[in-house]
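Morning, everyone. I have one structure to walk through today. Let me put it up.

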Amino acid sequence: MLEKAVFFRGASKADSLPQSVVEIVLSGRSNVGKSSVINALCSQKNLARTSKTPGRTRSINVYSVAMRKWIIDLPGYGFARVSRQEKDLWNKMIEECIIQRKSKKVVYIIVDAFVGPTELDFDMAHWLSDYSVPFKIVANKCDKMPKGITEDEIQIKAAECFGIDKVNVFAVSAKKDNGFGKLRIDIVKFLSCKD
Ligand SMILES: Nc1nc2c(ncn2[C@@H]2O[C@H](COP(=O)(O)OP(=O)(O)O)[C@@H](O)[C@H]2O)c(=O)[nH]1
Ligand SMILES: [Mg+2]
């Protein structure tokens, strides 16, 4: 299913987006590998544009997996060189995208497995909880972890940090294309749900 994903549209304002039936939203710090994760998930090299320079994606990018079933790539947060005004715009965009649009959704917060979750990742998780939006964690860049650290250990640690169940943490490496099996199953299951 995910390999059929196509770029649908980019939007600088969430209120210009039509409604989907169901969507998964990817969020995370700039440069954490959101675009790379989308490409790995969908087994396509160039579906989402990746960049070595943080702060590149300023718009919401929508990928369509099936009729009105979407993957949404949010602009990354925590990019230092942005003005207060840009941060406010980002907050407004995220609120409009996640809270005001009523589509059934789950947010995957992508964190850097090696760096660990940051304050901004916890802020995001708290904010989503406050609005009762379900979220899960994807720990990317697991290839940077020291040898001997297991997937299970990464999951347990992140689950503890965020106060969620370990089954809702996925350890992956977009670079090495590792760990995507379970994540794909989870996403396809969600996108396939009726009601
Ligand atoms: N080591 C490693 N680097 C990665 C991984 N995923 C992405 N990157 C690198 O991280 C940088 C940012 O990736 P990108 O997907 O553009 O991040 P985005 O800003 O979150 O969309 C690029 O240089 C990628 O090559 C990974 O799993 N492991
Ligand atoms: Mg990106």
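E23 sits in strand β2, residues 22-28. Bear in mind that this is a predicted model. So, is E23 buried or exposed? Buried: its relative accessible area is 0%. The cut-off for buried is under 20%, so E23 qualifies.

What does the E23 side chain make a polar contact with? The side chain of S20, at 2.6 Å. Now look past the neighbours within four places in sequence.

On to the aromatics. How many aromatic pairs does the structure hold? There are 7. W70 forms one of them with F8. The ring centres are 5.2 Å apart, and the planes make an angle of 40°. That pair counts as tilted, because 40° falls between the 30 and 60 degree limits. The two partners come from distant parts of the chain. F8 is in strand β1, residues 6-11. W70 is in strand β4, residues 69-73. They are 62 residues apart.

Burial of these two partners next. W70 is buried, at 3% relative accessible area. F8 has 37% relative accessibility, so F8 counts as partly exposed. One more aromatic item: F122, F135 and F162 form one cluster.

Now the ligand. Which residues come nearest to ligand 1? K34, S36, S51, D143 and A174, out of the 16 around it. Which helix gives the largest share of that shell? Helix α1, residues 34-41, with 3 residues. By class, the shell has 8 polar, 6 charged and 2 nonpolar residues.

Here are some distances. The side chain of S36 has an N or O atom 2.6 Å from an oxygen atom of ligand 1. For the side chain of N140, the corresponding distance to a ligand 1 oxygen is 3.1 Å. K175 uses its backbone: an N or O atom there lies 3.1 Å from an oxygen of ligand 1. How much of ligand 1 does the protein cover? It covers 84% of the 590 Å² of accessible area that ligand 1 has on its own.

To recap. E23 is buried in its strand, β2, and its side chain has a polar contact with S20. W70 pairs with F8. Ligand 1 has 16 residues around it. Over to you for questions.

Notes: Residues numbered from 1 in each chain as written. Chains lettered and ligands numbered in written order. Predicted model: local features only at pLDDT ≥ 70, side-chain atom pairs only at ≥ 80, totals over all residues. Heavy atoms only, no water. Phe/Tyr/Trp six-rings, centres within 6.5 Å; stacked < 30°, edge-to-face > 60°. Helix = DSSP H or I, 4+ residues; strand = E, 2+ residues; numbered from the N terminus. Buried < 20%, exposed > 50% of the residue type's maximum accessible area, 1.4 Å probe, protein only. Polar contact = N/O pair within 3.5 Å; in protein donor to acceptor, adjacent residues only side chain to side chain. Contact = heavy atoms within 4.5 Å. Near = heavy atom within 4 Å. Areas by Shrake-Rupley, 256 points an atom, 1.4 Å probe, with all protein chains shown as cover. Nonpolar A, V, L, I, M, F, W, Y, C, P; charged D, E, K, R; others polar.
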